[in-house]
Amino acid sequence: MTDQTAPSSPRAGSGGWTGAVRRRAVRTFPPDKLLPDTQPSWVASWIYVFGVLTLSALCVVLATGGILALKGPTWWHVSSVGRYVNSLHLWSVELFMAFMVIHLWGKFFMAAWRGRRAATWITGAVAFLASVGTAFTGYLVQQNFDSQWIGTQAKDGLNSVGVGAFFNVLDFGQMLMWHIVLLPLALGLLTAWHVLLVRRRGVVPPIPLDSGSASVETEASQTPEGEDR
């Protein structure tokens, strides 16, 4: 006997634009790919650890940077707790850049753009450039002799390429906004996009030693059914 009270399944194409967005999201990022409970055997290699370490260091950078932004320069220059959080922010940045460079070079020598992963590689490389800009503006807003020396040395180089009128390294207020708003926002969006692409395409496998191992790469680059982008 048919249960007359059970709701009928939605028809394909129903639900308006919200339904279309939901179906597109589920089709592009199936739950088993977005949050997998297993990983390929090659992920056990140490070279794959540095991506996770980079993300972990970035979380510490954002958390300590948020606290510094809330408390202000007087707190991080005078208070002992402020100096401690400021040091955590500095060293987490150092570790973040070190882990990211190792991750970047590791993926370069693995040709990580294989298997239709070009967008994944490009977003990672652009995120690295955004990180360099974020770190540079961070050094400019230290409010000490070091930041003054960096600013006066950098202005000539930036003026020589014609960007000094828009990116004035001697303007503390402008550099502070670049450091705590614009560049972290861009870096966060690029990182989220990069991670989603990794989830969508999967982790790049090692370069096969012979043609018989090519099936590993082919299997790893498989995409959801009907996906051809």
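The structure holds 8 aromatic pairs, where rings of Phe, Tyr and Trp (its six-membered ring) pair if their centres lie within 6.5 Å, with planes under 30 degrees apart counted as stacked, over 60 as edge-to-face and the rest as tilted. One of them joins W113 and W121 in an edge-to-face arrangement, with 5.1 Å from centre to centre and 70 degrees between the planes. The model is predicted, so local features need pLDDT of at least 70 and side-chain atom pairs count only at pLDDT 80 or more, whereas totals for chains, interfaces and linings use all residues. Residues are numbered from 1 along each chain as its sequence is written, and side-chain values use heavy atoms, with hydrogens and water left out.

W113 has a relative accessible area of 37% and is therefore partly exposed; buried means under 20% relative accessible area, exposed over 50%, and partly exposed in between (1.4 Å probe, protein chains only). W121 is partly exposed because its relative accessibility is 22%. The rings of F167 and W178 also form an edge-to-face pair, because their planes stand at 70 degrees, with centres 5.4 Å apart. This pair links distant parts of the chain: F167 belongs to the loop between α7 (145-160) and α8 (172-201), while W178 is in helix α8, 11 residues apart. Helices (H or I, at least four residues) and strands (E, at least two) are DSSP runs, numbered from the N terminus. At 27% relative accessibility, W178 is partly exposed.

| Aromatic pair | Centre distance | Angle between planes |
|---|---|---|
| W113 and W121 | 5.1 Å | 70 degrees |
| F167 and W178 | 5.4 Å | 70 degrees |

Ring pairs also connect W105, F108, F109, W113 and W121 into a cluster.

Charged groups come next. The charged end of K71 sits over the ring of W75, at 5.8 Å from its centre; this description requires NZ of Lys or CZ of Arg within 6 Å of the ring centre and within 35 degrees of the ring normal. The structure holds 1 salt bridge, defined as a side-chain nitrogen of Lys or Arg within 4 Å of a carboxyl oxygen of Asp or Glu. K155 and D156 form this bridge, and their closest N and O atoms are 2.9 Å apart. K155 is partly exposed, because its relative accessibility is 26%, and D156 is partly exposed at 48%.

R117 is found in the loop between α5 (80-109) and α6 (118-140). With a relative accessibility of 2%, R117 counts as buried. A polar atom of the R117 side chain lies 3.0 Å from the backbone oxygen of R114, and a polar atom of that side chain lies 3.2 Å from the backbone oxygen of R201.

L140 is part of helix α6 and is buried, because its relative accessibility is 7%. Leaving aside residues up to four places away in sequence, L140 touches S147, I150, G151, V169 and M175, where contact means heavy atoms within 4.5 Å.

Of its 229 residues, 32% count as buried. Among contacts with a separation of 6 or more, 70% involve residues 24 or more positions apart.

How values were computed
A polar contact is a pair of N or O atoms within 3.5 Å; within protein, one must be able to donate a hydrogen and the other to accept it, and residues adjacent in sequence count only if both atoms are side-chain atoms.
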